[in-house]
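Me: Could you walk me through the salt bridges here, one question at a time?

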Amino acid sequence: EEFNGSTENIFAALQGLVWIMSSSNIGDEAKCSAASAIAALAAENQSNKDAISSTNGAIEALMQCANSGGDKTKGSAALALANVVENHNQSKELVCIYPNAFVIMTTLLRTGTEKARLHTARLLASIALLAVLRESMGAIPGLLQELMRLGRQGESDAVAAAMCALANLADNEPENWERIALLEKSFVTVVDIIGSGSADARHHAIRLMANLAMSNANKLRVQRTPRALHVLVAALDTEVGPAQTCAAATLGNLAQDHPENQGRILRVPRAAAALVAAISSVDLSCQVNALAAVANLAHGHAVNQLRLAQEPGAL
């Protein structure tokens with residue numbers, strides 16, 4: 001909610017909250033309440049985010065609570081940090097320069113409550129939008145592994161946040177394509193989410209798969225993962241909006257310069273029909289991705305050229 005009052009009052013209130021979170025003489029319950037108050041102030045309110053990031057010690061106090069508070073305080077601090085950094089680069093930079101920031105976040109993912117894990121994944125997803133940090137974040141021991149584990153074991157919202165973080169970390173970052181591919185049960189986990197996750201989780205899992213499929217090594221890994229091609233074709237056939245657009249991109253990436261995938265994709269039931277239908281989508285991005293996928297599937301592959309040409313509505 002928006003803080004009602006003058007700028008001076010807002011800063012005075014924030015300074016008081018920071019003092020509560022930072023003081024060694026204040027109990028953990030009060031620190032939890034202070035972190036929750038900052039989380040509420042920061043929720044979808046840019047002017048309050050500006051005020052929080054400009055308040056001396058605010059981000060540091062939240063990181064301290066996330067590191068050494070009780071379970072509830074850690075969860076509230078993670079929520080506050082996730083809310084503050086969302087669409088706010090100054091706050092992201094302040095979080096990143098805190099000593100051992102990513103080690104703290106990895107520990108929260110590993111040992112925190114469901115609330116702490118959810119909002120830590122949200123925090124990492126926002127920070128990963130800064131392209132310059134993606135490679136170094138991916139190199140943090142355990143960080144990618146814990147995000148993938150949250151994708152396997154978390155509740156619905158946490159799974160979506162974990163997939164979003166991984167998809168952002170994989171965006172145009174070849175080092176992370178390989179790191180994520182080598183995680184335990186990585187492709188099986190992502191395929192399971194695409195097949196049966198929530199709408200948000202499915203979207204981000206498909207987006208992650210589209211990024212991973214840019215790698216030549218991963219094209220084969222995806223194809224060898226049970227059900228992978230079938231759930232991607234089903235996503236193209238049944239999803240709408242960004243998820244369908246990403247499904248078209250994934251299939252196109254898997255087929256590009258990969259003759260084995262070219263043949264296998266179009267042998268999946270409804271693959272050709274779903275591609276033709278996507279070309280007629282009202283979404284221009286989906287049309288473009290579907291056309292690119294058809295071009296990649298047909299390139300140098302006579303059987304596919306004939307199969308696509310014979311699909312009703314293709315020509």
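Me: Which residues are linked with R110 in a network of salt bridges?
Reply: A salt bridge is a side-chain nitrogen of Lys or Arg within 4 Å of a carboxyl oxygen of Asp or Glu. This is a predicted model, where local features need pLDDT of at least 70, side-chain atom pairs count only at pLDDT 80 or more, and totals for chains, interfaces and linings use all residues. Residues are numbered from 1 along each chain as its sequence is written, and side-chain values use heavy atoms, with hydrogens and water left out. The network partners of R110 are E146 and R149.

Me: How many residues apart are E146 and R149?
Reply: Their side chains meet in a salt bridge, N to O at 2.8 Å. Both sit in helix α10 (residues 143–153); helices are DSSP runs of H or I, at least four residues, and strands are runs of E, at least two, numbered from the N terminus. About one helical turn separates the two, because E146 and R149 are 3 residues apart.

Me: Is E239 buried or exposed?
Reply: Buried means under 20% relative accessible area, exposed over 50%, and partly exposed in between (1.4 Å probe, protein chains only). E239 has 12% relative accessibility, so E239 counts as buried.

Me: What is the N to O distance between E239 and R202?
Reply: Side chains of opposite charge can pair when their charged atoms come close. The side chains of E239 and R202 meet in a salt bridge, with N to O at 2.5 Å.

Me: How many salt bridges are there by this rule?
Reply: R179 and E135 form another one, with closest N and O atoms 2.7 Å apart. By the rule, the count is 10.
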